[in-house]
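Trainee: Could you walk me through how to read the features of a model such as this one, taking the general idea before the particular case?
Mentor: Gladly; let us look at the structure together.

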Amino acid sequence: MAIDTEKAGPPAGDRSGLVDRVKRILIEPKVEWGRIDAEQTSVGEIFRGWVLIFAAIPAVAGAIGGLLFGYSAFGVTYRPSVIETAGSAITQYVLTLVGVFVLALIIDWLAPHFGGTRSRVQAMKVAAYSATAAWVAGIFAIVPSLAMLSILGLYSLYLLYLGLPRLMKAPEEKALAYTAVTIVAAIVLAVIIGAVTAPVTAMLSGGTPSLASGDLSGKVTVPGGGTLDLGKLEAASQRMEAATARMGAGGDVMAVEPAALQALLPASLGDYRRVELSSAGANAGGFGGSQAEARYENGESGFTLQLSDMAAAGALAAMGSAFNMEASRETETGYEKTETVDGRLVTEEWDNAASEGRYGVVVADRFMVEASGTVPGVDVLKQAVGAVGLDRIEALGG
């Protein structure tokens with residue numbers, strides 16, 4: 001079936017077209033890459049109409065989250081100055097733009113080495129559109145407790161794997177190697193961006209699968225990032241599509257009212273009494289969110305229990321359990337780990353020396369329940385999260 005190249009891409013300034021493309025590239029990436037492949041455009045148009053817009057999401061979201069909530073760790077909260085926040089966001093944004101352009105040059109240069117065809121425009125398409133998941137996932141940075149969900153931007157690696165060989169005309173037998181080398185280049189660029197952004201902020205503050213097949217298999221080993229199973233990435237795509245379908249016509253989901261979330265936070269949890277309660281929320285075009293938070297204390301011991309509804313943005317969280325993500329790190333006094341338990345994404349941190357920790361669970365691919373503070377053991381935090389009633393939270397999502 002022929003693709004209408006005149007309608008394949010959203011015109012500059014067409015917000016509805018941009019949103020539709022985001023949905024398509026995330027939900028039906030194989031079909032959308034076909035549209036993108038046939039699209040008549042230029043490097044400048046892609047950069048102005050896509051990269052400049054979506055590359056701003058992580059930087060802006062992080063800046064908003066830092067100014068509103070600060071950065072918390074084990075009960076200590078640091079709120080950066082406006083100058084520091086703005087400087088960091090601008091630096092991150094500019095370097096991201098440079099990174100996309102450089103990655104496109106690398107993709108173009110690598111093409112003939114893997115049997116592909118050089119094309120600066122096609123390379124820019126790959127660099128720009130494959131990054132969509134990572135940029136959209138950056139919106140979680142608005143609420144610091146949800147920032148860990150930015151890891152769902154790894155879905156961009158799957159988008160890269162699907163689009164790179166198709167647009168650059170690389171043969172199937174070299175697709176995986178081409179993708180792996182490009183991923184390494186992207187990681188190096190990300191490290192450089194992080195290395196440059198950090199000192200600026202401090203200064204201001206003072207197997208070969210078949211692409212034609214409906215099922216993917218094989219693995220890509222990412223230096224420092226573990227192994228990505230392409231079969232699981234395919235399952236993640238299908239899971240996300242199913243989650244989006246549940247949203248109903250138009251893909252809009254209204255966030256649960258803050259009062260309903262607040263009602264799930266009990267007046268007491270064992271020997272801990274609630275001493276503070278707050279909530280906030282907003283709904284805009286189905287991309288809103290809501291949150292309720294309570295502080296519990298028992299003498300010198302205390303923790304904060306937070307319940308958040310990601311609403312429509314939770315469609316990205318549907319990928320978390322499908323990835324079966326596992327990561328762990330041990331320190332001299334504790335540990336950090338992320339894993340999937342009973343289909344739910346779980347994150348856990350603990351410091352024995354300070355008796356401080358954090359425990360969070362993503363429920364129904366939409367809600368985040370997290371407890372953090374200074375307590376005798378991490379089990380106190382786990383019990384607090386469980387006491388909210390994960391089944392009741394699932395019921396809120398319909």
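Trainee: Which residues touch the most other members of the largest nonpolar core?
Mentor: In soluble globular proteins, nonpolar side chains tend to be buried together. In this predicted model, the largest nonpolar core has 46 residues, and those that touch the most other members are Trp33, Trp50, Val51, Ile107, Trp135, Met168 and Tyr178. Two or more residues of this core come from each of helix H2 (15–27), helix H3 (29–38), H4, H6, H7, helix H8 (132–137), H9 and H10. H9 supplies the largest share, 9 residues.

Trainee: What does Tyr178 touch, leaving out residues up to four places away in sequence?
Mentor: With that exclusion, Tyr178 touches Ile107, Leu110, Ala111, Phe114, Leu164, Met168 and Ala170.

Trainee: How many residues of H9 are buried, and which are they?
Mentor: Of the 13 residues in H9, 12 are buried, and the helix is thus mostly covered. The buried residues are Tyr155, Ser156, Leu157, Tyr158, Leu159, Leu160, Tyr161, Leu162, Gly163, Leu164, Pro165 and Leu167.

Trainee: How should I read a pair of aromatic rings, and how many aromatic pairs does a search of the whole structure find?
Mentor: A pair of aromatic rings is described by the distance of the centres and the angle of the planes. The search of the whole structure finds 5 aromatic pairs. For Trp50 and Phe54 the ring centres are 4.4 Å apart and the planes stand at 40 degrees, so this pair is tilted. Both residues belong to helix H4 (residues 43–54), where Trp50 and Phe54 are 4 residues apart, about one turn of the helix, and both Trp50 and Phe54 are buried. A stacked pair is formed by Phe114 and Tyr178, with 5.1 Å from centre to centre and 10 degrees between the planes.

Trainee: Where do Phe114 and Tyr178 lie?
Mentor: Phe114 is in the loop between helix H6 (82–110) and helix H7 (120–130), whereas Tyr178 is in helix H10, so the pair ties together parts that are 64 residues apart in sequence. Phe114 counts as buried because its relative accessibility is 14%, and Tyr178 likewise counts as buried, at 0% relative accessibility.

Trainee: Which residue lies over the face of Tyr129?
Mentor: Arg21 lies over that face, at 5.1 Å from the ring centre of Tyr129. Tyr129 also belongs to one aromatic cluster with Trp50 and Phe54.

Trainee: What is the phi of Lys169, and where does that residue lie?
Mentor: Most residues other than glycine have a negative phi, and most peptide bonds are trans. Lys169 has a positive phi, near 60 degrees, in a residue other than glycine; Lys169 lies in the loop between H9 and helix H10 (172–204). With 42% relative accessibility, Lys169 counts as partly exposed. Ser355, which is not a glycine either, has a positive phi of about 55 degrees, and Ser355 is in the loop between strand S11 (344–351) and strand S12 (356–363). A relative accessible area of 25% makes Ser355 partly exposed.

Trainee: In which sense do strand S10 and S11 pair, antiparallel or parallel?
Mentor: Strand S10 (residues 334–341) and S11 pair in the antiparallel sense, over 8 bridges. Thr347 in S11 is the bridge partner of Thr338. S10 and S11 form a hairpin with 2 residues between them, and Asp342 in the turn has a positive phi of about 55 degrees.

Trainee: Is Val375 buried or exposed, and what does it touch, again leaving out residues up to four places away in sequence?
Mentor: Val375 counts as buried, at 2% relative accessibility, and is found in the loop between strand S13 (367–374) and helix H14 (378–387). With that exclusion, Val375 touches Tyr272, Ser301, Gly302, Phe303, Trp350, Ser355, Val380 and Leu381. Val375 and Glu356 are 19 residues apart in sequence, while their C-alpha atoms are 6.2 Å apart in space.

Note on methods. Residues numbered from 1 in each chain as written. Predicted model: local features only at pLDDT ≥ 70, side-chain atom pairs only at ≥ 80, totals over all residues. Heavy atoms only, no water. Buried < 20%, exposed > 50% of the residue type's maximum accessible area, 1.4 Å probe, protein only. Pairing = 2+ DSSP bridges. Phe/Tyr/Trp six-rings, centres within 6.5 Å; stacked < 30°, edge-to-face > 60°. Lys NZ or Arg CZ within 6 Å of the ring centre and 35° of its normal. Core = buried A, V, L, I, M, F, W, Y, C linked by side-chain atoms within 4.5 Å. Contact = heavy atoms within 4.5 Å.
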